[in-house]
Amino acid sequence: MQSEEKTILQRVVENFVRTGNASDDLVKVTSLPKGKTSYVEQIGVDGRSLMLKEYRVDGKVVYAGYSSRSGTVYLSLANG
C-alpha cells in the first residue's frame, strides 16, 4: 500500500473512532454495516473488490479500505 493511502486511512479511522464522525475534508467516507471485511465497489457497470484491513484504535476495532479509483474510504466497525 502506498504511503499516502496509509496516511489517509489512519487519519480517517482515528477520526471515526475518536469522534464518531465518518467524514473527511479530502476524501469521501462511506460507512458499511458492522463486521464487513470486504466490499464490492460499483462504478458504472464495473465492480471492484476491496479487502478491508483491521485497525485498532483506542481499544476499538475498525475495518477500513481505500479506493484510489473513487477516492473513497470504506469503514466498518467490528462485531462485538
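**Exercise 1. Which exposed residues does the face of α1 turned away from its buried side carry?**

Solution. The model is predicted: local features need pLDDT of at least 70, side-chain atom pairs count only at pLDDT 80 or more, and totals for chains, interfaces and linings use all residues. Residues are numbered from 1 along each chain as its sequence is written, and side-chain values use heavy atoms, with hydrogens and water left out.

Step 1. Locate the helix. α1 spans residues 3-19; helices (H or I, at least four residues) and strands (E, at least two) are DSSP runs, numbered from the N terminus. Its 17 residues reach 24 Å from the first C-alpha to the last, close to the 24 Å expected at 1.5 Å a residue. The expected span is 1.5 Å times one less than the number of residues.

Step 2. List the buried residues. They are E5, I8, L9, V12, V13, F16 and V17. Buried means under 20% relative accessible area, exposed over 50%, and partly exposed in between (1.4 Å probe, protein chains only).

Step 3. An α-helix has 3.6 residues a turn, so residues three or four places apart point the same way.

Step 4. Turn to the other face. It carries the exposed residues S3, E4, R18 and T19.

**Exercise 2. Which residues touch the most other members of the largest nonpolar core?**

Solution. 

Step 1. Define the set. A nonpolar core consists of buried Ala, Val, Leu, Ile, Met, Phe, Trp, Tyr and Cys residues joined through side-chain atoms within 4.5 Å.

Step 2. Name the residues. Of the 15 residues in this core, V12, V13, V27, V73 and L75 touch the most other members. The largest share, 6 residues, comes from α1.

Step 3. Follow V13. This residue of α1 counts as buried because its relative accessibility is 0%. Not counting residues up to four places away in sequence, V13 touches Y55, V57, V62, A64 and L75; contact means heavy atoms within 4.5 Å. V13 and Y55 are 42 residues apart along the chain, with their C-alpha atoms separated by 7.6 Å.

**Exercise 3. How many bridges join β2 to β3?**

Solution. 

Step 1. Count the bridges. β2 (residues 38-43) and β3 (residues 46-51) run antiparallel and are joined by 6 bridges. E41 stands opposite R48 in β3.

Step 2. Inspect the turn. The two strands form a hairpin with 2 residues between them, and G44 in the turn has a positive phi of about 65°.

Technical notes. Pairing = 2+ DSSP bridges.
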